[in-house]
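Biologist: Please take a close look at one part for me: the interface between two of the chains. Walk me through it in one go.

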There are 4 protein chains.
Amino acid sequence: MKKKLQVGIIGAGRIGTVRAKTLAFCLPETVPLMIADVDQKAAQELAARCGIAQVAERSEDILTDPRIDAVLICSSTHTHAGLIVEAAQAGKHIFCEKPIGHSLAKIDQALAAVEKAGVKLQIGFNRRFDANFARVRQAVASGEIGTPHLLHIISRDPVPPPLSYVKTSGGLFLDMCIHDFDMASFLIGDEVQEIYTAAGVMVDPAIGKAGDLDTALMVLRFRKGTIGTIDNSRKAVYGYDQRVEILGSEGAIATGNCYPNQAVISTATSIRRDLPLHFFMDRYTESFTNELRAFFETVIEDKPTPVTGRDGRVPVVMALAARKSYDEHRPVRLEEVGAGVAAG
Amino acid sequence: MKKKLQVGIIGAGRIGTVRAKTLAFCLPETVPLMIADVDQKAAQELAARCGIAQVAERSEDILTDPRIDAVLICSSTHTHAGLIVEAAQAGKHIFCEKPIGHSLAKIDQALAAVEKAGVKLQIGFNRRFDANFARVRQAVASGEIGTPHLLHIISRDPVPPPLSYVKTSGGLFLDMCIHDFDMASFLIGDEVQEIYTAAGVMVDPAIGKAGDLDTALMVLRFRKGTIGTIDNSRKAVYGYDQRVEILGSEGAIATGNCYPNQAVISTATSIRRDLPLHFFMDRYTESFTNELRAFFETVIEDKPTPVTGRDGRVPVVMALAARKSYDEHRPVRLEEVGAGVAAG
Amino acid sequence: MKKKLQVGIIGAGRIGTVRAKTLAFCLPETVPLMIADVDQKAAQELAARCGIAQVAERSEDILTDPRIDAVLICSSTHTHAGLIVEAAQAGKHIFCEKPIGHSLAKIDQALAAVEKAGVKLQIGFNRRFDANFARVRQAVASGEIGTPHLLHIISRDPVPPPLSYVKTSGGLFLDMCIHDFDMASFLIGDEVQEIYTAAGVMVDPAIGKAGDLDTALMVLRFRKGTIGTIDNSRKAVYGYDQRVEILGSEGAIATGNCYPNQAVISTATSIRRDLPLHFFMDRYTESFTNELRAFFETVIEDKPTPVTGRDGRVPVVMALAARKSYDEHRPVRLEEVGAGVAAG
Amino acid sequence: MKKKLQVGIIGAGRIGTVRAKTLAFCLPETVPLMIADVDQKAAQELAARCGIAQVAERSEDILTDPRIDAVLICSSTHTHAGLIVEAAQAGKHIFCEKPIGHSLAKIDQALAAVEKAGVKLQIGFNRRFDANFARVRQAVASGEIGTPHLLHIISRDPVPPPLSYVKTSGGLFLDMCIHDFDMASFLIGDEVQEIYTAAGVMVDPAIGKAGDLDTALMVLRFRKGTIGTIDNSRKAVYGYDQRVEILGSEGAIATGNCYPNQAVISTATSIRRDLPLHFFMDRYTESFTNELRAFFETVIEDKPTPVTGRDGRVPVVMALAARKSYDEHRPVRLEEVGAGVAAG
């Protein structure tokens with residue numbers, strides 16, 4: 001039996017919990033060895049639940065522990081870039097939740113540190129590991145639908161997050177659309193060059209008062225000509241709506257939502273089914289496991305990670321361009337906001 | 001038994017044929033009495049097939065015949081506005097295929113003539129009479145899905161028209177998108193104020209050489225805030241693709257395509273169904289009948305037509321704005337191209 | 001222009017009305033010349049609506065009129081066999097609604113008269129001309145799904161007929177299942193040899209008191225081995241349910257119901273669509289037209305009818321066997337009830 | 001942290017492997033402590049993979065180990081009843097794969113031993129814990145669809161098992177249909193009283209030569225009147241087909257198959273999706289975990305198991321009746337084959 005990878009987890013919040021459970025119960029090739037959180041109690045409870053031997057007082061304790069092979073950065077977004085730098089300098093392989101940060105300067109510092117240290121870095125764009133989106137990517141990559149002409153991404157939340165969260169989230173584009181920006185590049189396999197945004201406050205005026213938007217439609221122009229749209233809403237009353245479709249020269253592919261069951265009920269008033277899986281935890285369960293498995297494989301087999309630091313930088317540039325387009329009411333080229341592109 | 005409405009048909013081409021058959025075989029309350037076409041042979045053949053008593057040498061013969069209650073203008077687009085003026089002056093009720101014309105000045109002359117004569121005018125936006133789109137309109141109008149936030153219209157042809165047609169069609173926006181512009185206003189029940197266009201030549205370079213586009217994505221901003229998109233392509237290899245979906249504050253509605261049968265075939269390689277109804281003649285058969293029935297009802301019962309002259313003018317303004325947006329690479333307000341709005 | 005077929009209609013009830021309208025408005029190659037009904041007023045009204053020149057006092061007047069090429073027998077079931085004999089003796093081609101009758105002896109007399117006279121006879125099993133069932137038949141006939149192993153037919157009415165109708169209908173097997181018996185033979189392209197029936201009164205006790213059943217499940221054994229089921233209910237609260245599926249050695253085919261629109265509505269409680277087309281008039285509209293068109297084509301082109309007298313006899317035998325199986329609580333071979341098979 | 005349940009596993013074959021992995025990676029409240037298999041090498045490999053501390057030489061070693069709280073019997077069917085007796089006498093709680101056995105006498109001995117010992121016994125009818133079937137059960141139990149009138153179960157394998165397996169499997173009814181017999185009772189919540197079987201050899205003549213059948217259609221009569229069918233085939237070329245539908249007095253519910261993704265691909269020849277999940281391991285993954293979780297909960301909370309010994313006996317009686325019906329070509333009442341019913 002091979003030695004298991006020893007892993008430290010920084011952050012015991014919602015996503016840190018998902019990661020800890022995945023390590024403990026689904027990925028036998030790893031051991032969750034240490035965990036840290038500013039909320040020590042949360043870290044202790046999670047450690048107990050998942051059989052994690054040690055609760056560190058500070059993230060530094062994890063980053064400097066010689067037993068640790070890799071760290072999962074699951075803390076608040078504003079800490080990501082700094083922790084990446086520290087972890088890289090400590091020679092740890094790094095899995096970091098999205099986004100790397102809100103500032104391109106800090107992101108570039110983090111990516112430079114990773115490159116210098118020669119460690120692995122994977123960004124947590126879990127949707128790439130979802131069976132639906134992977135199937136769409138395959139259809140494009142294999143030529144099954146020919147050259148992509150038109151792309152549509154629909155990504156709607158069932159309910160807006162709490163207003164307190166909205167205020168510190170970085171705004172709709174950096175917080176919510178970021179996943180869809182990554183999907184767009186990933187699915188088409190091409191770079192976006194220009195973005196036009198139409199957006200508004202339709203769901204809750206309080207979101208508008210907090211300086212954010214709750215509904216957005218973005219038009220993407222790709223380098224090779226594909227035109228795409230992203231449709232984002234903070235509220236679809238029927239639940240989590242996650243679909244894409246692509247028209248290509250030889251065909252089209254479209255994905256539907258995922259449901260808790262395949263039952264159709266027919267009554268005197270309608271033919272109906274239950275609501276789709278309600279939130280990202282249920283909808284993307286398997287993708288969270290798949291992405292971590294892929295990360296540890298790249299560590300074990302010493303190969304490039306499937307979602308690189310550069311992949312993590314691009315959607316941030318897109319978010320900045322999308323916001324600028326909204327502010328200036330015109331299409332904005334990505335090079336206007338983030339011309340220099342960091343190394344992979 | 002009431003006296004039947006006596007109808008003249010101008011134009012014996014593709015759409016004139018549909019109209020003649022509908023009158024002859026589906027609308028017992030009407031009699032197709034006369035038909036005219038520059039191609040006399042076509043007119044004679046159609047008259048024979050549909051039991052039309054008289055083939056007129058010129059459209060004027062129809063317009064001046066005292067027996068005629070109403071005329072159907074099914075000739076080339078560039079003749080529409082002029083024929084509307086003549087028919088109105090002759091006191092005939094008018095059903096005219098879309099679009100009224102490519103020039104707002106001529107359209108406004110035609111609408112003025114209709115208003116002055118006090119005759120009925122209905123424009124042939126048949127899709128309003130399609131069961132799917134009517135159901136979507138009902139969902140919005142009844143409040144079933146609340147306030148509309150986001151609209152998506154997908155409208156793709158199975159194959160591009162012949163290049164000769166492309167050259168005289170008025171271009172993608174006036175020829176093809178025109179239906180979708182009307183749908184957008186109709187479904188949401190609100191006016192579009194601004195359009196942004198992203199478009200290209202992806203299907204056939206020859207279309208580009210002819211000065212036209214074959215793929216377009218338009219973003220619409222409605223007066224009350226709804227954001228919409230129209231996705232148009234001259235070629236979807238799987239056939240005629242006609243779908244809409246709307247996200248509202250209380251729910252969403254989405255329509256699928258129509259199929260020749262409801263059979264699903266499962267084999268060792270896939271779970272599949274036959275291609276959707278292939279072209280507009282098959283897909284919209286019933287709507288062609290429904291719109292004529294509605295027109296004759298308005299004549300018989302002396303009530304306003306469901307698709308007015310003003311309704312026919314709006315999509316032309318939208319087409320001009322969409323083209324201008326493409327040319328100038330910026331969002332364009334409708335008032336920039338067609339500020340004055342004709343009477344209903 | 002060819003001479004039109006001159007047609008007489010016997011019966012101006014529900015189905016006679018469908019036939020008259022179809023002749024008048026959808027089949028330009030025919031003229032509905034005469035109509036008769038014991039209810040003279042009904043015949044007169046229908047004649048006026050459909051432009052039928054003459055209302056005959058008695059069906060004999062139609063059958064003996066030398067102008068008449070073909071007759072449509074749309075009267076009560078108990079009159080069918082006798083009218084077929086008279087019409088055949090008068091040399092008229094015959095389209096007769098299903099079933100030919102409830103007595104095999106009378107049916108055989110009718111078929112013998114037709115054979116002797118050399119006229120065309122088509123029985124009104126309209127479902128054979130429905131796009132869904134035709135597609136299933138094509139899948140079997142073409143080998144698309146290989147050798148058929150298992151067949152399932154589901155055929156449920158939205159509401160039971162009035163009790164007065166139930167009492168004279170001949171019972172569930174002869175009245176309702178008869179269509180499905182025909183479908184079974186048609187779809188598989190083989191003869192049923194044995195039937196086992198499980199049935200009961202589940203919908204309305206009054207139906208049971210009238211000596212009939214309202215819910216039935218029949219197992220069919222075909223000559224070449226295929227096993228089939230028919231599921232009949234007088235009441236499916238969600239509407240008219242008409243589906244079939246076949247498992248073959250190389251694949252399967254299954255049909256869904258038909259809907260008034262393709263819209264899906266998503267709300268906070270469900271993902272739903274409107275109820276399917278509610279009754280046979282809406283669901284099978286096109287098949288009624290298609291079967292008459294096919295009949296007149298066989299007359300005009302002098303070829304065999306697609307649904308022969310023998311095809312009309314088989315389901316009656318099956319109905320008798322199904323009832324006998326229910327009564328005796330055992331599988332019953334068709335040869336036990338109707339061994340001799342009439343000529344085609 | 002509570003003490004974990006210490007579990008022994010008897011059998012390291014296909015299903016034993018599923019169980020061991022589930023204990024090791026998905027059910028943190030349990031510890032797989034010991035495993036035994038006649039194939040010692042298989043047991044050792046599985047132990048290594050799942051961190052099972054000890055490989056027992058004989059099942060007795062597990063059954064007599066005082067540390068063991070519960071045993072999972074995952075060995076060949078013919079050993080089930082005997083092992084249940086031994087485990088019960090040793091005071092262990094028991095989870096046993098289906099079926100308990102092929103002989104009612106042995107089953108009744110086993111159930112008597114369990115009753116005497118007062119231990120928990122749960123039979124491995126995993127489908128009850130599948131989201132689709134659980135939803136159907138809920139629809140019936142809650143009255144959502146009213147009183148059930150008609151039930152259809154379709155259960156088809158993608159390929160027949162190896163002939164060697166067929167020969168020792170107990171035959172189609174005891175091996176394959178057994179799951180569907182359990183489903184029928186479970187979904188309707190009522191007892192089946194009579195079964196009629198139509199069956200044949202359609203897939204592979206070699207199966208017939210081995211004395212078995214490969215295609216079967218069974219009609220079930222429930223005590224309260226519901227009529228049901230079970231459609232079983234050893235081969236559906238498109239994959240694992242697992243559906244049910246129920247018509248009730250107030251509505252209907254129907255489940256579809258489960259797919260690896262929700263993508264629909266449209267090409268010039270068809271609208272298609274990928275094949276459904278191919279075999280029971282993929283299709284019922286979650287149900288295997290759910291049923292074990294439920295078992296351990298009943299042990300921990302000392303409550304009745306959700307699938308009792310009696311629930312395990314009933315489908316065996318149904319299988320015997322189904323075979324007898326086939327052999328004697330008549331409907332067979334369950335009391336003819338297994339009148340006495342064991343205690344719960």
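Modeller: Chain A and chain B bury about 2,800 Å² between them, counted as the accessible area (1.4 Å probe) that two parts lose on being put together, summed over both. Carbon and sulfur atoms give 66% of that area. This is a predicted model, in which local features need pLDDT of at least 70, side-chain atom pairs count only at pLDDT 80 or more, and totals for chains, interfaces and linings use all residues. Residues are numbered from 1 along each chain as its sequence is written, chains are lettered from A and ligands numbered from 1 in the order written, and side-chain values use heavy atoms, with hydrogens and water left out.

Contact means heavy atoms within 4.5 Å. By that rule, 36 residues of chain A touch 36 residues of chain B.

Now the charged pairs. Two salt bridges cross the interface of chain A and chain B; the rule asks for a side-chain nitrogen of Lys or Arg within 4 Å of a carboxyl oxygen of Asp or Glu. R243(A) forms a salt bridge with E245(B), with the closest N and O atoms 2.9 Å apart.

Strands come next (DSSP runs of E, at least two residues, numbered from the N terminus). On the side of chain A that touches chain B, the elements giving two or more residues are β7 (148-156), β8 (192-200), β9 (215-222), β10 (227-233), β11 (241-248) and β12 (251-255) of chain A. By class, that side of chain A has 16 nonpolar, 11 polar and nine charged residues. Here Ala, Val, Leu, Ile, Met, Phe, Trp, Tyr, Cys and Pro count as nonpolar, Asp, Glu, Lys and Arg as charged, and the others, Gly among them, as polar.

Note on methods. Helices (H or I, at least four residues) and strands (E, at least two) are DSSP runs, numbered from the N terminus.
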